[in-house]
Amino acid sequence: MFFTQPSLADYRNLIGRPKRGVRVVGKPVSDQLRQIRQRCERLEQLSEPEFSNAAAAMRSRVRNECEATRVPNVVESFALTAEALRRTTGMVYYDCQLVGGLALAGGTVAEIQTGEGKTITTALPAALFGWTGWGIHLATTNEYLSRRDYETLRPVYERLGLSVGLLRSQASSDEKAIAYACDLTFGPGYEFGFDFLRDQRLKRSRHNQRLGDSVRRTLRGDSPYEAAPMQRALFMTIIDEADSILIDEANTPLVLSGAKMSTATASAIFEFADQTALGLSEGVDFEIDSIGRAINLTDKGIGVISETWVQRPAGMAARPFADLVVNALKARHLVRRDQDYVVREGRVLIVDGNTGRIHDERKWSNGLHQAIEVKEGLSVSDENEAQARITRQRFIQLYQRVAGLTGTAAGSEGELREFYNLPVVRISPHRPCLRQSLRTRFFDGFESKANAIVSDIRQRSDLGQPILIGTRTIDESQRLSVQLKKHSIPHVVLNGLQDEDEADIVAQAGRSGSVTIATNMAGRGTDIQPDAASIEAGGLHVIATEINHNQRVDRQLAGRAARQGDPGSCQFFCAADDELIATRSPSLSAQMRRDAGPTGECDRDFSNLVAKLQRQSESDARRLREQMVARDRWSESIRESLS
C-alpha cells in the first residue's frame, strides 16, 4: 500500500464526502490506479480535437458534487488531467501523486514529502470538482506561490476546457469577481478570507439601507446599481501548505478594517504616551511577558500614568490613556524593527512571521501601529476602524469541502481533525530521500555562530556546492550578509527588501557554488533545482541559523535540500542569544555560554533541551488558538441568542 499509517493501511475509495474521518468503501486504491493508467493509454491515442471532445463530455457528465464522486467519473477525470498535463508540459504522474490526488478528493490533508510535486497533485482533485462549475478555491500561503502555480497549471486546465482565475490583493472588486466566476481560482489563503469579509460588509450595508437611498444616489449622479458580491457560495477549497494556513496563520483572526475611526486619537497624544512610556521602569512600573508578548502594568505604573494624564496636550483620545502607554511600551520592548516590521518610504510595513513576506496593506490595530510610527519618528497615520472579523477556523468551516496538502503535517493531526475535521494521510515518496542531516552546532552568541557559518560556507562553496542560508528574521539576514561581505564571499539576499525578482533569485540558488541568504520566504513552496555540477558536489546544502519556535518551520527549510531523490544536506546552528532560548530559558542560555570553548562553540549537545523548549512553544501556541476559538464560539452563541 502507499500509506505508512497502520490504521490507513487498507485505505479504500477515498471519494465520498467524509464527515467523521474517511469512508472505507468501494474498490481498493490499487484498482483505481490501474483503471486510471489504462484510460490514460487510450487517451494518448486521441487527436487533439478528439481529446477536447472527451473533456467536454466529462463536463456534461459532472453536474453536481454527487456525480463528481462516482468512481467512473473520478477515473475519467484523473486520466484526462494526466493526459492534459503530459500534452502540455511533458510531465507524467507518479503513482504516489495519483494516490495523493485521491486522498485530496476524499477530503483529507495529504502529507506529501517536499519535492514530490504537490503543485501538479492539486490539479487532480481541482479538475474533478471543477467540472461542476461551482468554483474551486486553490489557496496558497502567498501571492508569489499562487501566481507561480496559476501560470504553471493554467494551460493544463484550459486544455480541459476549465476556466482559471487569479486573485491579486490590489485588484478591484470587479476584477476579483471575474476571477471568482471561473471554475478554478488561485490566490493566497488570506485573500479568500478578506474577500469573504468584504462581501459580508456589503451585505450588511444593503440590509441597513434606508428607504430612498437608491433615489438619492441617482439624484447625486452616483451609479444607481449597487456593487455585487465578489464570491459565489463557498463550495471547495484545496489548501497548499495546509499546516501553515490552517495552524500557523490561524493564531490570529482575519480582521477587515475600513473607514477612519469617528473619534481619532490626536498625534500629540500618541507622542505624549511614548514620552510617558520612556519614563517608566521595567520591574517597577511594568513587567514584560516575552513569551506571551504582553506588557503588564504594576499598581505603581498605573498610578504614575494616572498622575501623568493631567499634563496631557490638547486633543482627543479614542481609547484609555493607559492603553496608549502600553502600546508605546510594546513598540519599545516587544515589536522589533527588521523582524516584525520594516520602515520603507516613511511607512511602517508589517513582516509576516510565518512567511517572511512584507505586507504593505496591513496595519496593527488598537493604536499599536501608530505607537510604532511614533517610536520610529514618522508621521502618525489615521487609525482605521475594524468593520468585520472572522477566525480562520470558522471561515474554513464555511466551505462544503476542504482538502489540503503539505510536507509537514506530522504532529498536527489532532488539531487538524479537531478544528477542521480533516484526517491526515501520509503518502510514500516516489524516490527515497537522500538528505544528510548533520549534527546541530551550539555557540555562545551570534558572533561565534556567524564565524563558524562563514567558515563552513567558504569550504563548501569552494567545492562547488550551492548553499541556502535560512534566517528567521530580516535583521539576521542583513547581519550575516555583512559578515560574508567582510570575507569577500559573493552571495544574494532574499528577504523582501531586495530589488531583484524573487523567481530569478530562486532560479539561481541551485547553481554550483552559489550562496543565498533567505528568510522564511524560501522556506515553503520554493523549488531550488541544483544543476549537474551542484549534484556532483553533493547537492544543495541548507544552513539554518536558528531553531524556530515551531519544528514544522525547521522541517520545511530542511526540505529545500535533497528533493526528488537528489543528494543534499542540512545543518542547524544554534546560539545562546537565539530568541527561542533567550526568551524561554535564560538558564539554558547562560549554561551554553559557560560551556563554550575558546572559539565560542560548545562541546555539549543541547539538542534535547532545545527540542523541549520548541515543544513548549508549540503547546503554548495551540492553547492560544483553542482560547481564541472558544471566545469566538461564545461570541457567536451570544449573537444568536440576541437575534
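Asp475 is partly exposed at a relative accessibility of 29%, where buried means under 20% relative accessible area, exposed over 50%, and partly exposed in between (1.4 Å probe, protein chains only). The model is a predicted one, in which local features need pLDDT of at least 70 and side-chain atom pairs count only at pLDDT 80 or more, while totals for chains, interfaces and linings use all residues. Residues are numbered from 1 along each chain as its sequence is written, and side-chain values use heavy atoms, with hydrogens and water left out.

The partner of Asp475 is Arg479, with which it forms a salt bridge whose closest N and O atoms are 3.7 Å apart; a salt bridge here is a side-chain nitrogen of Lys or Arg within 4 Å of a carboxyl oxygen of Asp or Glu. Both residues belong to helix H19 (residues 474–486) and, being four residues apart, are separated by about one helical turn; helices (H or I, at least four residues) and strands (E, at least two) are DSSP runs, numbered from the N terminus. Arg479 is partly exposed as well, at 35% relative accessibility, and Arg479 also lies over the face of Phe446, at 3.7 Å from the ring centre. A charge sits over a ring if NZ of Lys or CZ of Arg is within 6 Å of the ring centre and within 35 degrees of the ring normal, and the charged end of Arg362 is likewise placed over the ring of Tyr190, 4.7 Å from its centre.

The count of salt bridges comes to 47. Among them is the pair of Arg625 and Glu415, which meet at 2.5 Å, N to O. Because Arg625 lies in helix H25 and Glu415 in helix H17 (residues 413–420), this pair ties together parts that are 210 residues apart in sequence, and both side chains belong to buried residues. Another salt bridge joins Glu83 to Arg86, with the closest N and O atoms 2.7 Å apart, and these two residues lie three residues apart in helix H4 (residues 71–89), about one turn of the helix. Glu83 counts as buried, at 1% relative accessibility, whereas Arg86 is partly exposed, with a relative accessible area of 30%. Glu83 and Arg86 also take part in a network of salt bridges that links them with Glu48, Arg87 and Arg159.

Turning to the aromatic side chains, the structure holds 12 aromatic pairs, counted where ring centres of Phe, Tyr and Trp (its six-membered ring) lie within 6.5 Å, with planes under 30 degrees apart taken as stacked, over 60 as edge-to-face and the rest as tilted. The rings of Tyr150 and Phe186 have centres 6.1 Å apart and planes at 70 degrees, so they form an edge-to-face pair. This pair links distant parts of the chain, with Tyr150 in helix H7 (residues 143–159) and Phe186 in strand S4 (residues 184–188), 36 residues apart, and both Tyr150 and Phe186 are buried. Elsewhere, ring pairs link Phe129, Trp134 and Phe235 into a cluster.

Helix H15 (residues 368–375) is mostly covered, since seven of its eight residues are buried, including Leu368, Ile372 and Glu373. Among the elements that cover these buried residues, through contacts (heavy atoms within 4.5 Å), are helix H12 (267–278) and strand S9 (341–344). After H15 comes Gly377, which has a positive phi near 70 degrees.
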